[in-house]
Amino acid sequence: MSTMSTATEYAVAALIVLGALFVLLGSIGLARLPDFLTRLHGPTKATTLGVGALLLASAIFFSTRPDRGVSLHELAILFFLFITAPVTAHLLAKAALHRQAKARDGEQRTTADREKARSAPESPLG
Amino acid sequence: MTDCRRPTASGKDRYNRASGALLDDPDNAFLDEACVNSSLLLAAIPATAFATFSLPLLVQRCGRAAATLAAATVMATCLALLLPLAPAAFAGHSEVARLAWLPGYGLDLSLRLDGLGLLFCLLILGIGLLVVLYAFYYLPTSDRLGRFYSILLLFMAAMLGIVLSENLLLLLIFWELTSVSSFLLVAYRSDKYESRIGARMALAVTGGGGLALFAGIVLLGHIAGSFELTVILAAGEQIRAHALYAPALILILIGAFTKSAQFPFHFWLPSAMAAPTPVSAYLHSATMVKAGVFLLARLYPALGSSDLWFWMVGGSGAMTLVYAAATALFRNDIKGLLAYSTISHLGLITLLFGLDTPLSVVAGIFHIINHAIFKASLFMAAGVIDHECGTRDMRRVNGMFRVMPITATLAIIAAGSMAGVPLLNGFLSKEMFFAETISYPQFEPLGWALPLFATIAGMLAVAYSSRFIHDVFFNGEPIDLPRQPHEPPRWMRAPIELLVLLCLLVGIFPGWTVGPLLAAAAGATLQAPLPDFHLALWHGFNKPLLMSTLALAGGVLIYALRRPLFAWQAHLPPLHPRTAFERFYRALAAGARRTLAVLDNGSLQRYSALLVSFIVLLGGWAFVSGPSADVRLPGQPADEAAVGALLVLLLGALGATALYRERLLAVILVSVVGLVVTLIFIRLSAPDLALTQLAVEMGTIILLLLVLYYLPPRSAPRSSARRLSRDLLLALLAGGGLGLVTLQMLASPFETMSGFYLQQSLPGGGGANVVNVILVDFRGFDTLGEITVLAMVGLAAHALLDRLVLLAPQHDADGRPWAAEAHPLFLSMLMRPLLPLSLTVSVYLFLRGHNVPGGGFVAGLITSVALVMQYLANGIAFAQPRMPRHAVRLLALGLFLAAGIGLTSWLFGRPFLTSAHGHVQLPLIGDLELASAMVFDLGVYVVVVTVVLTVLAGLGSLSLRARSQIEEV
């Protein structure tokens, strides 16, 4: 730790605080927002950003340690996260629409009604 | 042949146990060589029989004659092997050949040939040859005979095994083999109901008796300290004095009595008459039913000479003798009459052994020979009549003497022998029997009872023999026969002619025909010097002759009075042990079915309840009976994080149980439990386990969701309060018990091997990751077994899912149809680039596995999850063609890799699964530590991927297949 330069220390600290803040915000959003679709924003947007910041902090921290090289694991995780988080959000939203989850202003149903008319798929994999 | 003994024959101790005195013999070098040769010869007899029994089946394509010739050749070869050994057996030697098989269980391949064995071998092979010739003519020309002769030869081999066994356990194996092969022979015409019932009954009774015999032999071996006959026969005094003598004797007698159809186990023999007549002539006169009396003779020196022996053997024999003779008189079926007569004669032999004097034993052996000869010929004659007339009913088959005078003459002579008419062999042994009953010492105050009994039995024998002769060959004209009878083919009659000739020869010149063989057999049976007996036709006017005369006259009188007797018999209450047994058997089968229906009713809940109850019982038993651990290690203090995690674990488990009707929610709660367990692993410094747990968790969730998809949309019905409390109790007991066991194990101090593994992992296994080195190297054999089991599971899943058609419901629990867009574009497009990334991760984990957390198992799980993701995102139609096919071959490949690398170490002279490792310098990547264990790990990887993919993709595609089938229709 002692070998880390002050600038890096600041950067890492800032990223950790920022990340933690976003994760906290996302969690509050998940708990407090009124309906499913708006609640979805919390974990998928804010938290993803927060975790991303934390990962960056980790990458910088371990890359600047003398006994190790550049730490790339975090980048891989970041990559996976940034691919999967929006896909998950997309699927959850679609499922919610399908289940006709009612928003507070109550203007859904249209998509679901349209889908109802079509035939069902063969299988969850099919 | 590791051991071979030949007792010296000298003076009084001629029929002696094998002794080691041979070693002091000055010229034992020569004897040793001869001994080895004869041991080989002895072993060659059953070996040849068993090696060649399927020969007729192989050559039957060349015709019936070829099959017959093959069967006869096998028998003749055995006979030829036997002949060089015969002189020694005649001289009273016991040839013993021994090859260690399972010495730890006292079971050796040890054979013994003495006089008794020789006699039975001659009967088995001699009559066997005649039966082979006879069957060629008897069985219909449409029968290709290969199957028949092969089973017959198998039976013959088993019989030879029985009579040549030195080890009683070996004898038992052959004994059961005769039961099985005789079942096949009796059921030979399996399209007939009676054949099947008869065969089943014979198997049930003789097989059940075989089990009793097994128990008896084990007891006997326990008493004598060995299963070798040489030891047992020498330990008679010790055996009779032992506390377990009575149970051992009773069990062995049950075995012998069931086989020899002695009262009260006699009823299977008449049912077994559904067998083709050659089989009856072979099994039910000369060989199989004689196995029981053979056992009595064989074990006589060890078990005989006690009151219990006298009452049980003599009592059962006497009962059978008279009861069966009386029943035989009233049978209308020729073979039925002969069957009961056989039972009666076997009773006579049993009674003779039961009388328990040296002379009665000699008479018993003599009657074994005589009965085999005349009864085989009678069965063959009955077969000829059946063959020619198409029926065996004596009320319809009459006046055959005019139709087939030669066969009739032969049958009449044989029947005369059965009745005990002078000049025939049956007369001689019956005389000996009468003489024995007169001189029997034990019945002083009632000295007349036994002779009277014997005379009555003799009368009945004469009566049923008269009925056989008179009804079949005379007594007017045949009534309504299905066929026009005439003399049988020349060579079909030949076996009967030969046997009847033997009847006459033995009857007239007993001394020089059967004398030496009888002496050798009786000597070997008694294991003592022979009593003074004289085989001759004429002993002068004495009491036995008087009894014979009375029996002949009385028998003819009984037959003359047959009409009132038959009328009287018709009014008797019917006594049907056969139907009673059949009823018992059916009740047993129905009971078994009911029990099975209770246990195996298709309810998974019930299976689980039974299984868990059983485990609880076992665990409880071990807990109560095991030693208690007094020393307790101090527990670790729990911190807030651990308590929190455990609370979440508890809530997850409780929630999943409580919300089981909300399936999706329950699955999510189950996954919570899995995740907490993963976290616990990480906290307790088990990154390998955590990684594996995480990957397993992913697979499990996908699997559960797939299964949920097929469940009916309505939620599970509520269980009754009773069932809930049962399940609660079971769960508490099992869970609590498991918790206690874990606590007990963790809190007791014990030496672990961890230190060794930690120390040896890098130098010995070439890897720094101890967990992986243990899996693929130290305990590689375990892992090989585990992946084999895994492969079996995959194979089973493949087999189960392959043809299963299961239609998933069209909508979810709330009645909503599934979403129209099954594969959202966003998902499918983004999952494709994810595949190579995931595969990279899994390759990375695989390669580093030997040194840091990872390895084939985790890598395999990650690969399969990545592949399943492609199914989920893009659908089966996209994914299936792009996946490797032939799951079975892949499983084989995985196992081959794992086992193959293990075998490779043999090439270098090392034990199975020895690991080799070394450093390799690769450009770009650098220093790489390679171990042969990596190939093993690759095998693990392949198996895991294949199994997971097979199960998940198989489940996923069920509905697709169902739908496409519906569309086709």
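Mentor: The crossing of α4(A) and α37(B) is left-handed. This is a predicted model. The two helices, residues 73–98 of chain A and residues 825–848 of chain B, pack with their axes 10 Å apart and at an angle of about 155 degrees. Angles over 145 degrees count as roughly antiparallel, so α4(A) is roughly antiparallel to α37(B). On the α4(A) side, the contact is made by I83(A), V87(A), H90(A) and L91(A). On the α37(B) side, F826(B), L827(B), L830(B) and L834(B) take part. By class, seven of these residues are nonpolar, one is polar and none is charged.

Chain B has 41 helices and five strands, and 45% of its 969 residues count as buried. Among contacts in chain B with a separation of 6 or more, 78% are between residues 24 or more positions apart.

In soluble globular proteins, nonpolar side chains tend to be buried together. The largest nonpolar core here has 217 residues, and L160(B), V186(B), I252(B) and A414(B) are those with the most contacts inside it. Helix α18 of chain B, residues 358–389, gives the most to this core, with 19 residues. A second, separate core has 56 residues, including V776(B), V868(B), I876(B) and L938(B).

To return to I252(B): leaving aside neighbours within four places in sequence, I252(B) is in contact with L213(B), G216(B), I217(B), L220(B), L299(B) and L303(B).

Notes. Residues are numbered from 1 along each chain as its sequence is written. Chains are lettered from A and ligands numbered from 1 in the order in which they are written. This is a predicted model: local features need pLDDT of at least 70, side-chain atom pairs count only at pLDDT 80 or more; totals for chains, interfaces and linings use all residues. Axes are lines fitted to C-alpha atoms, for helices over the stretch in contact, and angles run from 0 to 180 degrees between N-to-C directions. Helices (H or I, at least four residues) and strands (E, at least two) are DSSP runs, numbered from the N terminus. Angles under 35 degrees count as roughly parallel, over 145 as roughly antiparallel, 65 to 115 as roughly perpendicular and the rest as oblique. A crossing is left-handed if the near helix is turned anticlockwise from the far one by less than a right angle, and right-handed if clockwise. Two residues are in contact if their C-beta atoms, placed from the backbone, lie within 7 Å. Ala, Val, Leu, Ile, Met, Phe, Trp, Tyr, Cys and Pro count as nonpolar, Asp, Glu, Lys and Arg as charged, and the others, Gly among them, as polar. A residue is buried if 20 or more other C-beta atoms lie within 10 Å of its own, exposed if 12 or fewer, and partly exposed in between; C-beta atoms are placed from the backbone. A nonpolar core is a set of buried Ala, Val, Leu, Ile, Met, Phe, Trp, Tyr and Cys residues joined through C-beta atoms within 7 Å.
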